[in-house]
Amino acid sequence: MTASHILLLIGAYFILLLLISYFTGKNDSNDDFFKAGRQSPWYLVAFGMIGASLSGVTFISVPGWVEDSQFSYMQVVFGYLAGYFVIAYILMPIYYRLNVTSIYEYLKQRFGTTSYKVGAISFFVSRVLGASFRLFLVAIVLQQFVFDAWNVPFELTVVLSILLIWIYTFKGGIKTIVWTDTLQTLFMLLSVGFSIYFINQKLDWSFAEFLASEELKEYNKVLFVDDFFGKTHFVKSFLGGIFITICMTGLDQDMMQKNLTCKSLKDAQKNMVSFSLVLIVVNFAFLLLGALLFIYANKFDIATPLMDGTPKSDLLFPEIALNSGLGIIVAITFMLGLIAAAYSSADSALTSLTTSFCVDFLGIEKKPESERKKVRKRTHIGMSLLLVVVVIIFKHILDRNVIDGLLTVATYTYGPLLGMFTFGIFTKYQVKDNYVWIVALISVGLIYIFGKIPSENLGGYQVGYELLPINGILTFIGLWFLRDKKA
């Protein structure tokens, strides 16, 4: 598949998104942009959230992670499942009862303005970094397999990618995204299914023979319970998965904004539970694909592609899909899946950042009606430019597997949110609101220092995703010392 063919495919896909945007963005109101009028069918939101949760990180980085970590990621995924039930039955009732646009409005009502701003800033930093991680991953694939052929600089690739997203989201916002996410999820799942089928065909295997093969046994270890000091031990991974889900979904404006478009709390809970069960199967399929990719690469001597002279396992899936003779169906569905992965995460991130900045920082609901739409549109442009800058910076500083990097960043940035919401929900105390920002900074600083301690200085203990709940606990303890009086 040539670079020209890929570009034509991107153009056709983009036209399809524009058509969806045209029909969903006719109203162009702030209510539709932020809440979709709370008329979204729950099953549509649930299916679309699969793609939004997976994003380009799962699509490319999880398969590329299999060689180093086998199927240990499933331990995290099992934790995700438990976390989604916490969201559905503890957090969602609060959001629906308060009828919030931004979920951080809860902190304002519970503690005060400073806590509200600390929560909003924690999300803002988390989502800018998370969205940029995802966009960076897709941008490097487009660069390597499309734009390098025409000597287009990486920076321009990033600008074009985000410009396309801005064009189809600037009117409809979350109402558009609920529908485009459904399409994007479909393309991602088709890509994985076709890739698994055709790679097995090339290896002269049926799917059952692949599952029973000796080659798969080299990669498919799921449970790691021997070395508690190791980073992938089951307990650490499972607990990390729970808290990553609670924070990166339940305390994240991006993910919860979709859920808050459902007609009722009951519908939103049905969406969350059904989506969480399907997500286990889908993540396992991605890991199976990852094992297949490495088996296929070893058999046909396909080297892991280089980026800046260093092997980059994230690029193995695109290399095999596009350049190893699997056929046009795999190439087309891979590119559709990749594009869908890029847009399904970035479009909702751009919309949620716009929503959070408008509501949490600019107080858009207090502004005159005549100014609100202008404020929203200017903010949308500003958030787009911010993502461009951060993605370009990542090109020069990122040196690890992207999903590992994404989850590591989450342990730092979401910890204060976890501690603040936990304290608010499970205690009746008020806090000295003006000092909450100090607690958040100290907590993040301590976690950063702890995370940098060499394992040999900890008796061989390797710090993993348990940093996130520890971060939340430290924030909780800090708020306990700031407690003022019973509500």
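Biologist: Is Ile 328 buried or exposed?
Modeller: Exposed, because its relative accessibility is 51%. Buried means under 20% relative accessible area, exposed over 50%, partly exposed in between (1.4 Å probe, protein chains only).

Biologist: What should I know about the source?
Modeller: The model is predicted: local features need pLDDT of at least 70, side-chain atom pairs count only at pLDDT 80 or more, and totals for chains, interfaces and linings use all residues. Residues are numbered from 1 along each chain as its sequence is written, and side-chain values use heavy atoms, with hydrogens and water left out.

Biologist: Switching to salt bridges. How many are there?
Modeller: Four. The rule is a side-chain nitrogen of Lys or Arg within 4 Å of a carboxyl oxygen of Asp or Glu.

Biologist: Which residue pairs with Arg 127?
Modeller: Asp 252, at 2.6 Å from N to O. The two sit 125 residues apart: Arg 127 in helix α6, Asp 252 in the loop between α11 and α12. Helices are DSSP runs (H or I, at least four residues), numbered from the N terminus.

Biologist: Are Arg 127 and Asp 252 buried or exposed?
Modeller: Both are buried.

Biologist: And what does Lys 221 bridge to?
Modeller: Asp 226, with the closest N and O atoms 3.9 Å apart. Lys 221 counts as partly exposed at 33% relative accessibility. Asp 226 is exposed, at 70%.

Biologist: Which residue does Asp 267 meet in a salt bridge?
Modeller: Lys 270, at 3.5 Å. They are three residues apart in helix α13, so about one helical turn separates them. Asp 267 is buried at 15% relative accessibility, while Lys 270 is partly exposed at 36%.
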